[in-house]
Each structure stands twice: as C-alpha cells, then as structure tokens.
Amino acid sequence: MPKTLTALSLTAALWLPAIAAAEVEAYVIDTEGGHAFVQFRIQHLGYSWLYGRFNDFGGAFSYDPEDPDNASIEVEIETASLDSNHAERDKHLRGDDFLDVERYPQATFKSTAVDLDEDGTGTVTGDFSFHGVTQPITLEVEQIGAGPDPWGGFRRGFQGSTRFALKEFGIDYDLGPASQVVEIILSIEGVRQDG
C-alpha cells in the first residue's frame, strides 16, 4: 500500500472518536478496490478531447446525513501517476513544460466549505495545491448513492468536477487558444469506517 494511502487511512482512523460523537460518518476512499478515479480532460487543438487520469491517489471524507453541509474531504494525488494512454505524451506531460513531477510530486485538495442539499447535490470549495501553487477551487458535486455492500460494510459515492485555466497554476505552455482550460473529474466511493 502506498505511504500516502497508509497515512490517509491513519488520519481517518484518528478522526473516528470525534466523528462518532458528532454522528458524522467517516469514509476512506476505496482506491485499493479500484472504485475511485481522478480523471481529466482538455481539448486538443480544438478538434477533440484528450482524456487522462491519475492512477495513484488516496483520501478520506466525512459525511453527516442529518446535516450534509457538515462534511469534509481531503485527497492527495501522486502527479507522476498521470496516464493519458500514450507513453511519449505522458513523459512530456510529466516534464517541466507541464506538471514538473520531480519538483511537484503531489497535488492535494482540502475542503474549506461545503454546501450540499439533502440529496448530496451542491458544491464543495477547498484549497487545491498543484504545481507549486495553492488556489481555491469549487467542485460541482452530486451524490451517486449509498448503502450496504456485499462484504458487510457500508459505502457512499460522489462525483465532483471543476474547471480551471492551467496558467492559474503556473503552467503556461502554449497549447493554443482552445486548450487553456482543463476539467478535473473526481469520482469516489468511500468505505465507512465503523468504530
């Protein structure tokens, strides 16, 4: 298990006593089972969409069914795990023209404000640290579902997305006017950590 996931699992475990007292549910994002994805897309020359993902990441979130605004999420992404299904392109994207993964090996998101309806639809705002820059971003979020799993546990899943200009995070490589904005899609399924 990557160190990132171990640390985040431990962080989630440490939350449990306080969370249990407040009746807030704690979840670890199920990356081990492959039920979570961090994907991106950006236009290529204005002619098509280029899709990719980050294969290594981890995180945890909390959720209160009685008060959805009383939720939080933290995600940590290993930037060198970028995968656009093309080895030479991935090498370029990992280099100093773009992600510069040797200098900036991780990207993180930590929520600062949550505004969700009772059905789990709304927004999550937080600090996104990427390519050496930290900026607030807002994810449009929807809850996909929640309930028991076949292994005796309980799961809850969300999808969120946001768009931002690459130059906001110090990436100014000229891809042309149609390729200035990237969309990030976070699809997560969390396993509830019952005390």
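A residue is called buried under 20% relative accessible area, exposed over 50% and partly exposed in between, with a 1.4 Å probe and protein chains only. At 10% relative accessibility, Asp-30 therefore counts as buried. The structure is a predicted model, in which local features need pLDDT of at least 70 and side-chain atom pairs count only at pLDDT 80 or more, while totals for chains, interfaces and linings use all residues. Residues are numbered from 1 along each chain as its sequence is written, and side-chain values use heavy atoms, with hydrogens and water left out.

**Strands and hairpins**

- Helices (H or I, at least four residues) and strands (E, at least two) are DSSP runs, numbered from the N terminus.
- Two strands pair if DSSP finds at least two bridges between them; S8 and S9 do so in the antiparallel sense over nine bridges.
- Within this pairing, Thr-125 stands opposite Thr-138 in S9.
- The hairpin of S8 and S9 has two residues between the strands, and His-131 takes a positive phi near 55° there.
- With a relative accessible area of 12%, His-131 is buried.
- S9 also pairs with S10, again antiparallel, over eight bridges, and Gln-143 has Phe-158 in S10 as its bridge partner.
- Five residues lie between the strands in the hairpin of S9 and S10, where Gly-152 has a positive phi near 85°.

**Aromatic rings**

- Rings of Phe, Tyr and Trp (its six-membered ring) pair if their centres lie within 6.5 Å; planes under 30 degrees apart count as stacked, over 60 as edge-to-face and the rest as tilted.
- By this rule there are eleven aromatic pairs.
- The pair of Phe-128 and Phe-164 is tilted, because the ring centres are 5.8 Å apart and the planes stand at 50°.
- This pair links distant parts of the chain, with Phe-128 in strand S8 (residues 122-130) and Phe-164 in strand S10 (residues 154-165), 36 residues apart.
- Both Phe-128 and Phe-164 are buried.
- Tyr-27, Phe-61, Tyr-63 and Phe-158 are linked by ring pairs into a cluster.
- A charge sits over a ring if NZ of Lys or CZ of Arg is within 6 Å of the ring centre and within 35 degrees of the ring normal.
- The charged end of Arg-41 sits over the ring of Trp-49, 3.8 Å from its centre, and Arg-192 lies over the face of Phe-154, at 4.2 Å from the ring centre.

**Nonpolar core**

- A nonpolar core is a set of buried Ala, Val, Leu, Ile, Met, Phe, Trp, Tyr and Cys residues joined through side-chain atoms within 4.5 Å.
- The largest such core has 40 residues, of which Ile-73, Phe-128, Phe-130 and Ile-188 touch the most other members.
- Contact means heavy atoms within 4.5 Å; beyond its neighbours within four places in sequence, Ile-73 has contacts including Phe-61, Phe-109, Val-124 and Ile-188.

**Individual residues**

- Asp-30 lies in the loop between strand S1 (25-29) and strand S2 (37-44).
- The side chain of Asp-30 reaches the backbone nitrogen of Gly-33 at 2.8 Å, a polar contact being a pair of N or O atoms within 3.5 Å, where within protein one must be able to donate a hydrogen and the other to accept it, and residues adjacent in sequence count only if both atoms are side-chain atoms.
- Glu-78, in strand S5 (residues 72-78), makes a side-chain polar contact with the side chain of Gln-106 (3.1 Å).
- Asn-85 has a positive phi of about 70° although it is not a glycine, and at 73% relative accessibility Asn-85 counts as exposed.
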